Structure formats: structure tokens, C-alpha cells
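Morning, everyone. I have one structure to walk through today. Please bring it up on the screen.

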Amino acid sequence: MGTGSSHHDGRTVEPAQWAPIDKSAADIARANLADFARVCREFSWAAERSQLAGLPGGGVNIAYEAVDRHLDDPTGSAPSLRWLPASGGCTTLGCTDLVSSSNRFANVLRSLGVRRGERMCTLLGRTPDLYISTLGAWKAGCVVSPLFSAFGPEPVRQRLALAEATTLVTTAAYYRRKVAPIRDSLPALRHVIVTDTEADLPAVVELPSAMTAAEPEFSIVRTGFEDPALLHFTSGTTGTPKGAMHVHGAIVAHRATARFALDLRAGDVFWCTADPGWVTGMSYGVIAPLSLGATVLSDEAEFDPQRWYDILTAERVSVWYTAPTALRMLMRHGDELPSGTDLSCLRFVASVGEPLNPEAVVWGERVLGRPVHDNWWQTETGAIMIANIAAAQVRPGSMGRPLPGVDSTVLRRGADGRAAVVHGTVTPAEVGEVGELALRAGWPSMCRGYLNEPGRYAKAFADGWYLTGDLARRDGDDYYWFVGRADDVIKSAGHLVGPFEVESALMAHPSVAEAGVIGTPDPVAGELVKAFVVLRPGYNPGESLRSELTAFGRRMLGAVAPKQIEFVDSLPHTRSGKVMRRLLKARELGLPEGDVSTLEAAR
Ligand code: AMP
């Protein structure tokens with residue numbers, strides 16, 4: 001990693017330190033968004049919407065737009081799924097396979113009595129079953145809620161319960177470890193479909209035999225633009241995870257933004273490394289590339305630098321959408337590793353999810369032959385909002401500019417660090433001033449609500465703006481620069497972690513009286529989850545209890561468990577009794593206590 005004023009924990013990066021990267025005239029000419037200014041001027045979501053095929057006879061359904069519509073495409077640019085199993089080899093599912101398999105899955109749901117509007121969770125790794133069951137569930141009119149397969153049993157239980165999912169699709173191994181022990185506490189869960197054949201598992205449906213018995217034809221449920229399609233859980237500072245609800249019409253934004261921000265088009269080999277358990281893996285790992293007629297590459301294996309370079313070469317990846325943590329891990333393995341790699345097919349590289357340090361942008365240009373194009377969005381926005389695009393100068397450290405159809409701003413803050421709302425009105429910040437990033441409500445993939453929490457959703461809006469909870473500033477050319485979060489959520493290896501969820505899990509251990517959880521800076525993962533723990537009387541702080549608690553956290557929470565645990569005698573509290581995580585963070589960073597606002601200066 002370089003020196004200078006760049007940081008991986010969301011701190012300010014001085015624009016002037018990193019030379020902008022210009023694009024050649026040829027690069028600009030061949031980009032989807034070659035004339036950015038004109039498209040911004042002329043753009044309308046209504047015109048984008050009219051590019052959907054629509055269900056024969058009316059209605060819109062994501063699965064139809066993703067696969068079925070391509071069956072009659074005269075240009076022949078049909079999408080496909082190219083799956084690389086962890087064990088080696090590859091399997092390709094063409095468009096016809098995707099259509100018939102998802103039809104079969106929809107028939108499986110129907111035969112179980114699963115009805116339109118019911119919620120189906122998936123707890124699967126990157127396997128074809130994930131794509132097929134997701135597409136099939138949409139065809140059956142169900143709402144899909146993908147769960148991150150590295151979650152431990154507690155986050156899985158909580159999300160299944162909040163979703164009131166009636167159906168779960170998972171593997172026999174995940175079922176045994178994470179769901180069977182808690183199934184009795186999930187009264188809404190009527191059906192568990194396991195993707196492998198395991199004769200000794202009671203009360204589950206085995207997918208392979210159910211698929212064989214199902215018909216390959218299905219008449220897609222006539223969903224409308226505003227019908228719910230997806231439920232993505234995301235974390236807040238307090239309370240339970242928020243269930244962001246997205247509609248079938250969101251595909252209008254998935255398609256447009258993938259064309260604009262990822263330069264994606266029919267015939268591309270597209271690799272999105274995000275797990276489909278998170279919003280990026282769904283919007284851009286499934287929906288956008290299939291609907292645009294690209295080949296979706298899906299690698300089952302965990303990160304491995306040599307494997308990744310081999311995939312880029314052997315699969316002739318043309319557009320690659322990855323994440324800062326992954327790029328930093330590649331950078332750590334040195335520039336020699338990819339030296340013999342043929343990346344001549346790689347046209348565009350993009351990254352999302354956490355601050356992308358300028359070194360990584362420049363490294364991309366040097367080692368991959370393409371700068372990394374950072375872009376910004378979040379679960380609630382459903383699609384990319386701000387991006388460095390193929391046809392424009394990249395400013396290393398900046399997230400880029402708002403896409404056509406996106407009206408964004410930075411709002412002046414009040415004493416609580418969030419956008420100041422005075423008599424219902426907000427005020428834009430000056431150029432260069434740090435404020436809360438906000439988006440004018442109304443783009444098609446905006447989340448339509450938080451499940452069962454209308455109040456929490458309403459609070460996210462002021463004066464017609466959706467308030468993102470992120471702090472940013474804008475330069476004179478409308479490039480946005482990420483500064484940090486306005487709240488206490490943690491971004492670790494690209495995963496949004498709610499401190500409250502981690503604190504609650506730790507407090508289930510008999511030794512823990514109280515816990516306060518923060519993100520602590522890490523050069524690769526951006527932040528690591530760190531817990532400060534006050535013990536109950538009679539328990540001794542020491543290595544053995546620390547290891548026990550670490551293992552306990554890991555068993556309950558899986559990948560979002562705290563990596564570090566520090567025992568303390570007490571935690572700082574507000575007058576109303578809430579743990580002051582900001583003060584814990586200030587202490588952790590060695591900043592003067594008492595003045596929590598100094599945290600901001602450190603960003
Ligand atoms: P999620 O809802 O899990 O996708 O997380 C969204 C959050 O990730 C945003 O609100 C930001 O805090 C952070 N994030 C996403 N993209 C970027 C980016 N390009 N730079 C910095 N932070 C980002």
C-alpha cells in the first residue's frame with residue numbers, strides 16, 4: 001500500500017495527490033455511455049421502461065426479462081450461465097436450459113402449494129441451483145430473499161423469522177448445521193427444499209427428484225411493475241436487520257445502470273465476484289447481465305489469487321465487477337503473479353461496496369491494463385447510483401459522478417452529523433463541504449419500504465430526498481468523494497455489519513454483561529469487527545475466555561463474528577444508557593476522548 005493521505009477506513013483522500021486517468025478517444029467512442037452529457041440531458045426512466053419486453057399479455061416479471069424474453073430474440077444474443085465448480089471443470093447452462101429449469105422449479109413450488117406473494121429464502125453458495133431457484137420463484141410470483149451462506153445460525157434464524165419465509169432452499173449440509181436446530185422456532189417455514197439427495201433428512205423436499213418430476217413448461221405469474229420481487233436484509237445501527245423490499249420494475253434500473261456504469265452489453269463475459277447473498281450479487285450477478293444477454297460467470301470457489309487470474313484469462317472475461325477487499329488481496333500477492341496472464345479480453349473493471357483506495361485504481365491500470373472504476377450504491381438504492389464510467393476521466397479515490405436519471409446531492413449537516421432538516425427543508429452543502437449524501441426519490445429500483453417498519457422507512461426521507469447515511473463531498477465537476485458513514489455500521493471485507501446484532505449475540509454468552517462493537521481499521525478488509533466486552537462478576541478476563549468468546553461468536557454469527565475481543569471494566573454510555581460506540585472508536589484510534597467530533601477530522 002502506498003503512503004500519503006489515503007486510507008482504507010473511509011477517511012478523506014486528497015484529490016490532488018492522485019493524477020486523474022484520462023481515456024483515449026477510442027475508449028470513449030466504444031463506450032456505452034460515450035456521450036455522457038447528452039444522455040444525462042435526454043434520459044428518462046419512462047423511455048428505459050419501454051425497453052422492457054413485458055410479459056405476453058401484460059405485466060412485468062424479472063425472470064421473464066432475464067431469460068425467457070431472449071428465446072425469441074432475433075439477434076441471438078441470449079444469456080447463459082457458466083459455472084465453475086470449486087472441484088474444477090465447468091458447466092454451461094444456455095438460455096433454454098435456464099428457462100426450462102426455472103419453469104420446473106416454479107412447478108415444484110406450485111406442487112407444494114406455495115402461492116404468489118409468499119417469501120422464499122435461499123441459503124446457497126454460488127451454484128446453478130441458486131440461479132434456477134431464484135428465477136423459478138419469481139416466475140411463481142414469490143418474493144426472493146437471498147441469505148449470505150457464510151452467516152452463522154443466528155443471523156439466518158433472525159432473517160428467516162423476520163421474512164416469515166414459507167420456503168427455504170438450501171443444501172443438506174447448511175440445513176443440518178444452521179437450520180434444523182432452529183426449525184421449530186420458525187412456524188411460518190412450511191417447506192425446506194434441499195438441493196442434494198440425502199435420504200436420512202426428515203421433513204425436507206429433495207430438489208433433484210422434485211425437478212425430474214416437474215414439467216418444463218410454466219405460465220409465469222402476471223406480476224406488475226410494483227409487485228415485490230426481492231427482500232434484501234441490511235444492517236442499521238440499532239434494532240433488527242432492515243428488510244429492504246424491491247419490486248419487479250427495479251429491473252429497469254438494473255439494466256440501464258449495468259449498461260452505463262459497467263459498460264455491459266450482449267455477448268460480454270461478465271464476472272461479478274459478489275456473493276449472490278448480497279444485493280450486488282443479485283442485481284448485477286444475476287438480473288442485469290442475464291437481461292442484457294451476457295454470459296454470467298459464477299465461481300463456486302473461495303478467493304484464490306492464482307485461480308482468479310486464471311479465470312480472467314481462460315474464460316476471456318470482458319467485464320469484471322469486484323470489490324476493494326478482493327483487489328487489495330490481489331495486490332498483496334504482488335505484480336509478478338499475473339505477469340504471464342493474458343488479459344487482452346478485459347475491457348472494463350469496476351469495484352463497489354467500500355472505499356476503494358487510489359492505489360488500487362492505479363494498480364489496476366498498471367497490472368490489469370485497465371484502471372479500476374469505483375462506483376457507489378447501497379442495498380436500499382437497488383442499483384448503482386454514482387460511478388466512474390468507461391467514457392470519462394477516472395479520479396482515483398472518487399466514486400465518480402451520478403448516472404443519468406440519478407439526481408444526487410450532498411446535504412448540510414446538523415449537530416447529530418446527519419442532514420439538517422429545518423421545518424421540513426434541507427440545504428445543499430457547498431462544493432467541497434462534507435455532508436450527507438442524498439438522492440432525489442423516484443428511481444425504479446429504490447426500495448419501496450422496510451418490511452413491517454414503515455416508520456423506519458419514512459425516517460430515511462426528508463424534503464423529497466432519500467438520505468443515504470453516508471458522508472461525502474462533491475468537487476466542482478460533480479465527482480463524489482466518500483468520507484465515511486454517518487452512523488455506526490461497520491464495513492468489513494465489503495459486508496455491512498450491524499454492531500447491535502453482534503453485541504446481542506455476544507451477550508447470549510453467560511460471561512458477558514455488556515458489549516460494544518465497532519469497526520477497527522484494517523489494511524485489507526477496510527475494517528475488522530472488534531468487540532469491547534464487560535464481564536459478569538466471577539469471570540476472569542484472560543486468553544482462554546477470549547478464545548472461548550471468539551469461538552462462540554463465530555459459531556453463532558459465522559463470517560460477521562468479531563475478529564478481536566478486548567475486555568474492559570466498563571463501557572461509555574450516553575445519558576439515556578446507550579453504549580457510545582463513537583467514543584470507543586475514538587479511543588481505538590488514539591484520538592482525544594471527550595471530543596467525539598474529532599472522529600470526523602480523522603476521516
Ligand atoms: P450495502 O447496503 O451492504 O451494499 O452497503 C452500502 C454501503 O457500502 C454504502 O452506504 C457505503 O457506506 C458503502 N459503499 C458502497 N459503495 C462504496 C464506495 N464505492 N465507496 C465507499 N463506500 C461504499
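This is a predicted model: local features need pLDDT of at least 70, side-chain atom pairs count only at pLDDT 80 or more; totals for chains, interfaces and linings use all residues.

Let me start with a term. A polar contact here is a pair of N or O atoms within 3.5 Å. Within protein, one atom must be able to donate a hydrogen and the other to accept it. Residues adjacent in sequence count only if both atoms are side-chain atoms. By that rule, 6 residue pairs are in polar contact across the interface of domain 1 and domain 2, both partners at pLDDT 80 or more.

Now the contact itself. On the domain 1 side, 16 residues take part, and they meet 14 residues of domain 2. The two domains bury about 1000 Å² between them. Of that area, 59% is on carbon and sulfur atoms.

Next, charge. Side chains of opposite charge can pair when their charged atoms come close. Between domain 1 and domain 2 the count is 1 salt bridge. Arg-159 and Glu-501 form a salt bridge, with their closest N and O atoms 2.7 Å apart.

Zoom out to the whole structure. It holds 40 salt bridges. Take Arg-347 and Asp-268: their side chains meet in one, at 2.7 Å from N to O. This pair links distant parts of the chain, 79 residues apart. Arg-347 is in the loop between α13 (324–332) and β13 (348–351). Asp-268 is in the loop between α10 (251–261) and β10 (269–272).

Last stop, the ligand. How many residues surround it? There are 17, and the closest are Asp-374, Asn-375, Gln-378, Thr-379 and Asp-470. Look at Asp-374 first. One of its polar side-chain atoms lies 2.9 Å from a ligand nitrogen. Gln-378 places a polar side-chain atom 2.8 Å from a ligand oxygen. Glu-354 uses its backbone: a polar atom there is 3.3 Å from a nitrogen of the ligand.

That's my tour. Questions, please.

Terms used: Residues are numbered from 1 along each chain as its sequence is written. Side-chain values use heavy atoms; hydrogens and water are left out. Contact means heavy atoms within 4.5 Å. Buried area is the accessible area (1.4 Å probe) that two parts lose on being put together, summed over both. A salt bridge is a side-chain nitrogen of Lys or Arg within 4 Å of a carboxyl oxygen of Asp or Glu. A residue is near a molecule or strand if one of its heavy atoms lies within 4 Å of it. Helices (H or I, at least four residues) and strands (E, at least two) are DSSP runs, numbered from the N terminus.
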